[in-house]
Amino acid sequence: MIKKTTEKKSGNGWEPRIVAFLCNWCSYAGADLAGVSRIQYPPNVRVIRVPCSGRINPLFIIKALQSGADGVLVSGCHPGDCHYISGNLYARRKFALIKNLLEYVGIEPERVHFSWVSAAEGVRFAEILEKVIDSVRALGPASRMIKQLEEVA
Amino acid sequence: MKQVEDALRKEVAKLFEEKEVDIFVGHEAASLPLKTSACFVRSSEEVDRLVWNRSCAANLAAYLPQLFKRPPGLKGAWTPPKVGVVVKGCDSRSIVGLIKEKQIPRDRLFVIGIGCEGMIDRHKVARALGTAGLAEAKIDETAVQAIGTDGTEKQIDIAEALAASCQECQHRHAVLADLALNEASASPAEVSRYANVAEFEDKSPDERFEHLVTELSRCIRCYACREACPNCYCEECFAEETTPKWLGVTTDLPDVVFFHLGRAFHQAGRCVDCGACVAACPQGIDLRLLNQKINKDVEELFGAEASLSLEEAGVLCSFRMEDDQSFMTEP
């Protein structure tokens, strides 16, 4: 569980925390490539590896926001490159709907990002991540979905 | 209405006599004004319990999946019952959805479709009266004569008292029926659909969140919306799942918002806008605000409307290479 943001409100020391759901076959390998190629990107990201972007349940995204993430990045293989042939194409439809729905209820659209990153795109991964972190930093800490009651086991 | 009710009773009695059905699901009078409850008729002697009026807002498709469940603990062969059901246009779409999702077998089902002219929203009537509850209500051809619990009396035009989803209804006739009663009734509504969504979208993000919070802060997490919905047949709902535990069982706002976002999302490409959730909500929460947003997006992004035919694949069970991806983040 991510530590609650309420404990560290904005101010000078605040750094955004981004949860990144990366697919095993492209984006996770892309992030790995960025690492082994020694490409610098900000350390604000917590990576969760998933088998495919089609594995992403939109509830993951809401849950991340509720558990204290300031932003969420979901990334998978480019259309046509999915290891499971079409997982990312089914996922794309869900992403479009959940992105619109979150924006609709008043959650800043810049908090939730979706992208395609292949295993060869280490530079692109670093660039996307920087963009995501900058846009979340501009918004400040997330508050709208954060629980006020303490979680009990 | 009365003729339709009589015709319905006659047809159902015939179904039992011809042994076409073992059980028939319809509406019967309930103790509260402007409410009916589901009724399960098992013989031709009972058909007089069936009613058809403007309070039949419940979506009877919601009762079907459990009728086709094999009784637990039963050994040996089991044949599912033959079930008859009376439906409005929206209910018939729910049935199409349930057949497609393999929750009910088409060949054990007898559907009587009724051309529907819209159902009364009792919350709307109570709001128009300005009282907490309704004591009595009479419906005639043009108006609802309502008396509040404090004695206030008011006459409300039928067109105004109709549920919002009925005012915007485009599919008044059953899309799937073995028998259609009063075929030549109402035509599709000529109003702009998704007006409530468009109006909400025009607000600023802060106003939208504020509005949602005010609306959902009334939610008591009773799950009546879920129980009333034919699409919510899951054995274990995400709201009650413990591994993983998605959300707390509290009325803390983030939990409530989580539940309603999850519920709305699970309707993606499946919601037929029958308004059963709105009718079931004891708190009168405007659940269509979320449902219709999803419906609007599904229509605009994927050009689909839920459950109009048995052949069309579900919106989230299909894709096109050229689906919109303008929302993706590029470096």
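The model is predicted: local features need pLDDT of at least 70 and side-chain atom pairs count only at pLDDT 80 or more, while totals for chains, interfaces and linings use all residues. Residues are numbered from 1 along each chain as its sequence is written, and chains are lettered from A and ligands numbered from 1 in the order in which they are written.

**Overall dimensions**

The table lists values for each chain.

| Chain | Residues | Radius of gyration | Span of the C-alpha trace along the principal axes | Buried residues |
|---|---|---|---|---|
| Chain A | 153 residues | 15 Å | about 40 × 35 × 30 Å | 51% |
| Chain B | 331 residues | 21 Å | about 70 × 55 × 40 Å | 39% |

The radius of gyration is taken over C-alpha atoms, and the globule rule is 2.2 Å times the number of residues to the power 0.38. For chain A, the value agrees with the one near 15 Å for a compact globule of 153 residues. A residue is buried if 20 or more other C-beta atoms lie within 10 Å of its own, exposed if 12 or fewer, and partly exposed in between, with C-beta atoms placed from the backbone.

Two residues are in contact if their C-beta atoms, placed from the backbone, lie within 7 Å. Among contacts with a separation of 6 or more, residues 24 or more positions apart account for 83% in chain A and for 70% in chain B.

**Fold of chain A**

Helices (H or I, at least four residues) and strands (E, at least two) are DSSP runs, numbered from the N terminus. Chain A has four helices and four strands, in the order β-α-β-α-β-α-β-α from the N terminus on. Chain B has twelve helices and nine strands.

The four strands of chain A form an open sheet with parallel pairing, in the order β2-β1-β3-β4; two strands pair if DSSP finds at least two bridges between them. Because β2 (45-50) and β4 (112-116) of chain A stand at the edges with a single partner strand each, one side of each has no neighbour in the sheet. From one strand to the next, the twist averages 20°. Strand β1 (residues 18-23) of chain A runs parallel to β2(A) and is joined to it by six bridges. Phe21(A) has Ile48(A) in β2(A) as its bridge partner.

Helix α2 (residues 58-66) of chain A packs on the sheet, where it touches β1, β3 (71-76) and β4 of chain A, and its direction makes about 150° with that of β3(A). Angles run from 0 to 180 degrees between N-to-C directions, and axes are lines fitted to C-alpha atoms, for helices over the stretch in contact. Helix α3 (residues 87-104) of chain A lies across β3 and β4 of chain A and runs at about 160° to β4(A).

**Contact of the two chains**

The contact takes 38 residues from chain A and 36 residues from chain B. On the chain B side, α8 (205-216), α10 (253-266) and α12 (288-302) are the elements that give two or more residues, and α10(B) gives the most, with eight residues. The residues on this side divide into 22 nonpolar, five polar and nine charged. Ala, Val, Leu, Ile, Met, Phe, Trp, Tyr, Cys and Pro count as nonpolar, Asp, Glu, Lys and Arg as charged, and the others, Gly among them, as polar.

α3(A) packs against α10(B) at an angle of about 145°, with the axes 11 Å apart. Leu97(A), Ile98(A) and Leu101(A) of α3(A) make this contact with Leu261(B), Ala264(B) and Phe265(B) of α10(B). The residues of the contact divide into six nonpolar, no polar and no charged.
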